[in-house]
Amino acid sequence: WAPVFGAGPCTSNCRVSHISRRHCSNLTFDPDTVHNFLRLTADNMKVTNTSPWQHSYVDHPDRFEDWRQAMTSQSVYEGRHYAEAELSGDGAHVGVTYKSIERKGRESTGCITGNDFSWCVGRNSRGLSAWHAGVETPLEAQDVTRIGIYIDFRAGHVSFYHVSGSMRLLHKYNADFIEPLYLIAWLSKKENVVCLVNTK
């Protein structure tokens, strides 16, 4: 398998190791999904929580209205896919979800940590955790900023890696995917940043 997105300033190169480059994908955030408190920059590869400052995005049915999230334009479907993302700040999360995730309302199912069709990792004051269906799994990891995401769609696996000099598995979920998956970021606090890295 191979890498795909991440990066604080969006200038870093993806760190290819034991993953094949043919599984890399170039992903960008969809401007029509970005919450009004998130600033989209770096060719749509970087989102920053600018609370309390809002941005004058046009109204769109795909835009997240309550949860401060952004989703990619491109989906991953069938086969294997790999990506990387840089997280900055307690409250920054990244993962994958279905396009059918709720865009309006404060129900927990509209957040990537709170439904059974999203899988993510993120940081909070307690450290790094994996989340699925409202269940938090604390991870034994320190100083993690770059996350590798490996998806084997047919096998029903999504794995999260700590990417530094090497790659270390943080957590793996098994699932029966019934829709294409989209990368999604949730930035719950001011100045949180999630950035994707172009690897091709």
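Here are legends for a handful of close-up views of this predicted model.

View 1. Averaged over the protein, pLDDT comes out at 88, and 86% of the residues reach 70 or more. Residues 1-9 are another matter: pLDDT stays under 50 there. The model still has 64 contacts beyond four places in sequence for this stretch.

**View 2. The six-stranded open sheet.** Going across the sheet, the order is E3-E12-E5-E6-E7-E8, and the pairing is antiparallel. Strand E3 (69-76) and strand E8 (135-138) sit at the edges with a single partner strand each, so one side of each has no neighbour in the sheet. Neighbouring strands here are turned against each other by 20 degrees on average, if you ignore direction. As a reminder, strands of a sheet pair through backbone hydrogen bonds.

**View 3. The E7-E8 hairpin.** Strand E7 (residues 127-132) and E8 run antiparallel and are joined by four bridges. For Ala130, the bridge partner in E8 is Thr137. Two residues separate the strands of this hairpin, and Ala133, in the turn, has a positive phi of about 55 degrees.

**View 4. Around His132.** His132 belongs to strand E7. A polar atom of the His132 side chain lies 2.7 Å from the backbone oxygen of Ser118. Neighbours within four places in sequence aside, His132 also touches a run of other residues, including Thr113, Asn115, Asp116, Phe117 and Trp119. Tyr173 is one of its contacts too.

**View 5. The largest nonpolar core.** This core has 50 residues, and Trp119 and Val194 are the ones with the most contacts inside it. Strand E12 (residues 181-187) gives the most to the core, with seven residues. In soluble globular proteins, nonpolar side chains tend to be buried together.

**View 6. Zooming in on Val194.** With neighbours within four places in sequence left out, the contacts of Val194 include Phe29, Met45, Val47, Leu87, Ala92 and Val94. Elsewhere, a second, separate core of five residues includes Tyr82, Tyr150, Tyr161 and Val163.

Note on methods: Residues are numbered from 1 along each chain as its sequence is written. This is a predicted model: local features need pLDDT of at least 70, side-chain atom pairs count only at pLDDT 80 or more; totals for chains, interfaces and linings use all residues. Side-chain values use heavy atoms; hydrogens and water are left out. Two strands pair if DSSP finds at least two bridges between them. Axes are lines fitted to C-alpha atoms, for helices over the stretch in contact, and angles run from 0 to 180 degrees between N-to-C directions. A polar contact is a pair of N or O atoms within 3.5 Å; within protein, one must be able to donate a hydrogen and the other to accept it, and residues adjacent in sequence count only if both atoms are side-chain atoms. Contact means heavy atoms within 4.5 Å. pLDDT is the predictor's confidence in each residue, from 0 to 100. A nonpolar core is a set of buried Ala, Val, Leu, Ile, Met, Phe, Trp, Tyr and Cys residues joined through side-chain atoms within 4.5 Å. Buried means under 20% relative accessible area, exposed over 50%, partly exposed in between (1.4 Å probe, protein chains only).
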